[in-house]
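Here is a chain to go through by question and answer. Keep the model open beside the text.

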Amino acid sequence: MTRTSAPPLTRRGLMTAGALLAVLAAALPATLPTAARADEASALAFLEALYAPYRAGGMGIDRTDAAVMGRIFTPELAAMIADDDARAAADGEVPNLDADPFIDAQDGEIGDIAVTVADAPGGRMLGRASFTNSGEPKIVELVLEETPAGWRVDDIHWPEGTLRGLYSH
């Protein structure tokens with residue numbers, strides 16, 4: 001029985017193999033479309049649409065329009081907001097949400113808006129909006145959930161609390 005052995009690995013051979021692996025590893029993400037990348041793109045488009053009115057100098061959403069609320073919030077969160085608004089109106093009180101949740105303020109001069117999204121646990125996305133309000137830097141984080149109708153806001157996090165937290169008492 002004749003035994004043959006593989007030629008010894010040379011430094012040049014190792015360097016060539018390493019370079020080839022590096023090129024393949026760098027090209028792989030760009031050549032393989034993934035559902036995650038599509039989710040990220042659609043979540044970002046949703047978030048961009050939410051902040052488009054602020055870029056145009058507009059403000060807020062019409063919370064009295066159920067169709068608008070349904071296009072923005074998950075059904076559960078939209079119902080929480082609507083129920084609290086109705087309760088407050090019936091009692092002659094201010095609702096728990098007494099500001100624009102997307103800018104964490106009642107009003108202001110919004111500028112320098114930048115939005116990003118990243119994966120979050122449970123198949124969700126975490127949106128982040130950074131902007132200035134009357135020259136002050138602000139950051140708002142939005143928990144996005146994909147529903148059969150598309151991406152919707154399931155919570156908003158501000159430095160002092162969360163949207164869902166307003167309704168947890």
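The turns below cover one aspartate, the aromatic rings and the strands.

Me: What kind of model is this, and how are residues numbered?
Reply: This is a predicted model, where local features need pLDDT of at least 70, side-chain atom pairs count only at pLDDT 80 or more, and totals for chains, interfaces and linings use all residues. Side-chain values use heavy atoms, without hydrogens and water, and numbering runs from 1 along each chain as its sequence is written.

Me: Is Asp154 buried or exposed?
Reply: Asp154 sits in strand β4, residues 150–158. Strands are DSSP runs of E with at least two residues, helices are runs of H or I with at least four, and both are numbered from the N terminus. Buried means under 20% relative accessible area, exposed over 50%, partly exposed in between (1.4 Å probe, protein chains only). At a relative accessible area of 5%, Asp154 is buried.

Me: Which parts does the pair of Tyr51 and Phe102 tie together?
Reply: Rings of Phe, Tyr and Trp (its six-membered ring) pair if their centres lie within 6.5 Å; planes under 30 degrees apart count as stacked, over 60 as edge-to-face and the rest as tilted. Tyr51 and Phe102 are edge-to-face, at 6.2 Å centre to centre and 85 degrees between the planes. The residues are 51 apart in sequence, so the pair ties helix α2 (residues 35–55) to the loop between α4 (75–91) and β1 (110–120).

Me: How is the pair of Phe73 and Phe102 arranged?
Reply: Phe73 is buried at 1% relative accessibility, and Phe102 at 0%. Their ring centres are 5.8 Å apart, with 25 degrees between the planes, and the pair is stacked.

Me: In what sense do β2 and β3 pair?
Reply: Two strands pair if DSSP finds at least two bridges between them. Strand β2 and strand β3 (residues 136–147) share nine bridges. Ala129 stands opposite Val140 in β3. The sense is antiparallel.

Me: Which residue in the turn of the β2 and β3 hairpin has a positive phi?
Reply: The hairpin has two residues between its strands. The phi in question is about 55 degrees, and the residue is Ser134.
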